[in-house]
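The structure is a predicted model.

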Amino acid sequence: MSSTTTTLPDAKKVGMVSLGCPKALVDSERILTRLRADGYAMSPDYAGADVVLVNTCGFLDSAKEESLAAIGEAINENGRVIVTGCMGEEADAIRAAHPQVLAVTGAHQYEQVVEAVHEHAPPSQGPFVDLIPQPDIKLTPRHYGYLKISEGCNHSCSFCIIPDLRGKLASRRIDAVLREAEKLVAAGTKELLVISQDTSAYGVDTKHDPRTWKGREVRAHMTDMARELGQLRTSENNAPWVRLHYVYPYPHVDQVIPLMAEGLLTPYLDIPFQHAAPSVLKSMRRPANEAKVLARLKKWRDICPDIAIRSSFVVGFPGETEADFQYLIEWLEEAQLDRVGAFRFEPVEGARANDLPDPVPEELKEERYARLMEVTERISAEKLKAKVGRTLPVMIDEVGEADEDGDIGATGRSQADAPEIDGAVYLRNVPETLAQGDIVQVAVEEADAHDLFGVISDQ
């Protein structure tokens, strides 16, 4: 009696190049998770991939150029490329530049991407070969993760085409959001970064549809969500850091500040102010309540003195006068924001702002950008200098190798620092047992315009 052994073929491998914002990174994670469930393996390089996915960004012309360059590199290095993401809405432009691409799909079109992979690199093993479901794929380090709560946006800002790319606001069910957060924390995530196009508007489209969670009714509302996320605990029974991004300053944002003071939320808000001059905000089609915002910032700091406010601003918007720009500078001096990013206005194909009169010359944009950054760097340096002598909790992102004297350094972030976009805390002489994701108390010894320097406290 003879027996035969069936050997499964090697799994087809998929490579991924993910460009753009954290929301696109979450899309990449979801696509790869679905593909792995279908029996695919992931390739860390071009050479080992049967097909390469390029998740593109299409918000600015410069981002489109970067996306086209990334597609070209993938074609040159591998040859079998599927394009997805925001620039996927411009399939004709992609195919004109790179006619070799196998398929083009738009933003968050997960099913179409998976179908394209199946067509051009058919799975060799079939779904769930291992019978045991694999954990979701994460493209971020294990200790932090992005939690996307909605897609799209209901705003009609004149400089933005996000609603055209990603549609109107579409909120996820609150129980689905909380279940994903719980899974992330159980898997070792110590920091949740809540993202969307408009976090404050979460649930508006579903009339804040309530769901049962842990035996109680919870609304699809930013304040309910924030309160529930603050109840999560890591395996060490600590509250994870919960960081809110893309928060428009609607009145109900006031309700999350006490949660920060209580330690349920990380004392950090990312608010896209974009400008302060009323005339510019009107041209941008954004709410112009900058005076009330200043009063609210003061109130927030009274409630939670350690709150860090980050924002981004556009300089050189069409029609921006010197008086408008000076208004913005004076507003920033009063607002004393902790972290500020700035962008020179750049026309985006399809945006209404392109048709506005009085464009600002490029050299004037550059000059205003430099002036704004000089002011915000000075404010940042002063605020960080005030932290010298304090002891702060710091999450470790990277631990270095010992130098010739045996000293080991490490890089981390305080609660005022979001990964990739804010500053860092540099530690000297850390123990060799220190690991990525550890949260330690750090005595701050020095500061510059962006970063802190210190040592783990003996306390």
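Begin with the place where two helices touch. From α11, the residues E322, F325, Q326, L328, I329, L332 and E333 meet a set in α12 made up of R368, R371, L372, V375, T376, R378 and I379. By type, the residues of this contact between α11 and α12 divide into 7 nonpolar, 2 polar and 5 charged.

Helix α11 covers residues 322–335 and helix α12 covers residues 362–385. Their axes come within 10 Å of each other, with a crossing angle of roughly 10°. Angles under 35 degrees count as roughly parallel, and α11 and α12 are therefore roughly parallel to each other.

Next comes a barrel. It is closed by 5 strands, in the order β16-β17-β18-β20-β19, and the pairing is mixed. From one strand to the next, the twist averages 50°. One of the pairings joins β18, residues 425–427, to β20, residues 452–456, in the parallel sense over 3 bridges. Within β20, G454 is the bridge partner of L427.

Now take the chain as a whole. Its secondary structure comes to 12 helices and 20 strands. The C-alpha trace spans about 85 × 60 × 55 Å along its principal axes. A compact globule of 459 residues would have a radius of gyration near 23 Å, and the 24 Å of the chain agrees with this. Of the 459 residues, 50% count as buried. Among contacts between residues at least 6 apart in sequence, 72% join residues at least 24 apart.

Note on methods. Residues are numbered from 1 along each chain as its sequence is written. This is a predicted model: local features need pLDDT of at least 70, side-chain atom pairs count only at pLDDT 80 or more; totals for chains, interfaces and linings use all residues. Side-chain values use heavy atoms; hydrogens and water are left out. Two strands pair if DSSP finds at least two bridges between them. Helices (H or I, at least four residues) and strands (E, at least two) are DSSP runs, numbered from the N terminus. Axes are lines fitted to C-alpha atoms, for helices over the stretch in contact, and angles run from 0 to 180 degrees between N-to-C directions. Angles under 35 degrees count as roughly parallel, over 145 as roughly antiparallel, 65 to 115 as roughly perpendicular and the rest as oblique. Contact means heavy atoms within 4.5 Å. Ala, Val, Leu, Ile, Met, Phe, Trp, Tyr, Cys and Pro count as nonpolar, Asp, Glu, Lys and Arg as charged, and the others, Gly among them, as polar. The radius of gyration is taken over C-alpha atoms; the globule rule is 2.2 Å times the number of residues to the power 0.38. Buried means under 20% relative accessible area, exposed over 50%, partly exposed in between (1.4 Å probe, protein chains only).
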